[in-house]
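Me: I have a structure open and would like to talk it through. Can you take my questions as they come?

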Amino acid sequence: YHLHPDIHIDGNSKLRLPNGKSINFSGNGDLVSIRKATWHPEFGKEVETQCIEVDFQSSEVTMTFTWN
């Protein structure tokens, strides 16, 4: 899951949105990791961001996102 550069990850399971709200996420066991990524809003422009990487080791993976 590629994230917009204005969304930040707190720890390993919380997304912090620009408006101050947060989204919690979880996946099966150790299958979820945070990686560096880039976002390309227009031709020739690259902005650093992050992505949530899910390692598919079986035919089914569950990701859960919760917010209020």
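What follows is a short exchange about this predicted model.

Me: What confidence does the protein average in pLDDT?
Reply: The model is predicted, and the protein averages a pLDDT of 89. Of the residues, 97% score at least 70.

Me: Where is confidence lowest, and where is it highest?
Reply: Confidence is lowest in E1, with a mean of 90, and highest in E2, at 94.

Me: OK, the fold. How many helices and strands?
Reply: There are zero helices and six strands. Read from the N terminus, the elements run β-β-β-β-β-β.

Me: And what box do the C-alpha atoms fill?
Reply: Roughly 35 × 30 × 15 Å, taken along the principal axes.

Me: Which strands form the open sheet, and in what order?
Reply: Four strands do, in the order E1-E2-E3-E6, with antiparallel pairing. E1 (8-10) and E6 (63-66) stand at the edges with a single partner strand each, so one side of each has no neighbour in the sheet. From one strand to the next, the twist averages 30°.

Me: How many bridges join E2 to E3?
Reply: Three bridges join E2, residues 14-16, to E3, residues 22-27, and the two strands run antiparallel. Arg16 stands opposite Ser22 in E3.

Me: Take Ile52. Where is it found, and is it buried or exposed?
Reply: Ile52 is found in strand E5. Its relative accessibility is 2%, so Ile52 counts as buried, the cut-off being under 20%.

Me: What is Ile52 in contact with, leaving aside neighbours within four places in sequence?
Reply: Tyr1, Leu3, Ile9, Leu15, Phe25, Val32, Ser33, Ile34, Met63 and Phe65. Among them, Leu3, Ile9, Leu15, Phe25 and Met63 also belong to the largest nonpolar core.

Me: How far apart are Ile52 and His8?
Reply: They are 44 residues apart in sequence and 11 Å apart in space, C-alpha to C-alpha.

Me: Now aromatics. How many aromatic pairs does the count come to?
Reply: Two aromatic pairs. In one of them, Tyr1 and Phe65 are edge-to-face, at 5.5 Å centre to centre with 75° between the planes.

Me: Which parts of the chain does that pair link?
Reply: Distant ones: Tyr1 is in the segment before E1 and Phe65 is in strand E6, 64 residues apart.

Me: Which residues do ring pairs link into a cluster?
Reply: Tyr1, Phe25 and Phe65. Phe25 is also one of the residues in the largest nonpolar core.

Me: Why are Tyr1 and Phe65 not counted as buried?
Reply: Buried means under 20% relative accessible area. Tyr1 has a relative accessible area of 48%, so it is partly exposed. Phe65 is at 29% relative accessibility, so Phe65 counts as partly exposed too.

Me: Back to the whole protein. What share of the residues is buried?
Reply: Buried residues make up 19% of the 68 residues.

Me: And what share of contacts joins residues at least 24 apart?
Reply: It is 42%, among contacts between residues at least 6 apart in sequence.

Definitions and conventions. Residues are numbered from 1 along each chain as its sequence is written. This is a predicted model: local features need pLDDT of at least 70, side-chain atom pairs count only at pLDDT 80 or more; totals for chains, interfaces and linings use all residues. Side-chain values use heavy atoms; hydrogens and water are left out. Two strands pair if DSSP finds at least two bridges between them. Axes are lines fitted to C-alpha atoms, for helices over the stretch in contact, and angles run from 0 to 180 degrees between N-to-C directions. pLDDT is the predictor's confidence in each residue, from 0 to 100. Rings of Phe, Tyr and Trp (its six-membered ring) pair if their centres lie within 6.5 Å; planes under 30 degrees apart count as stacked, over 60 as edge-to-face and the rest as tilted. Buried means under 20% relative accessible area, exposed over 50%, partly exposed in between (1.4 Å probe, protein chains only). A nonpolar core is a set of buried Ala, Val, Leu, Ile, Met, Phe, Trp, Tyr and Cys residues joined through side-chain atoms within 4.5 Å. Contact means heavy atoms within 4.5 Å.
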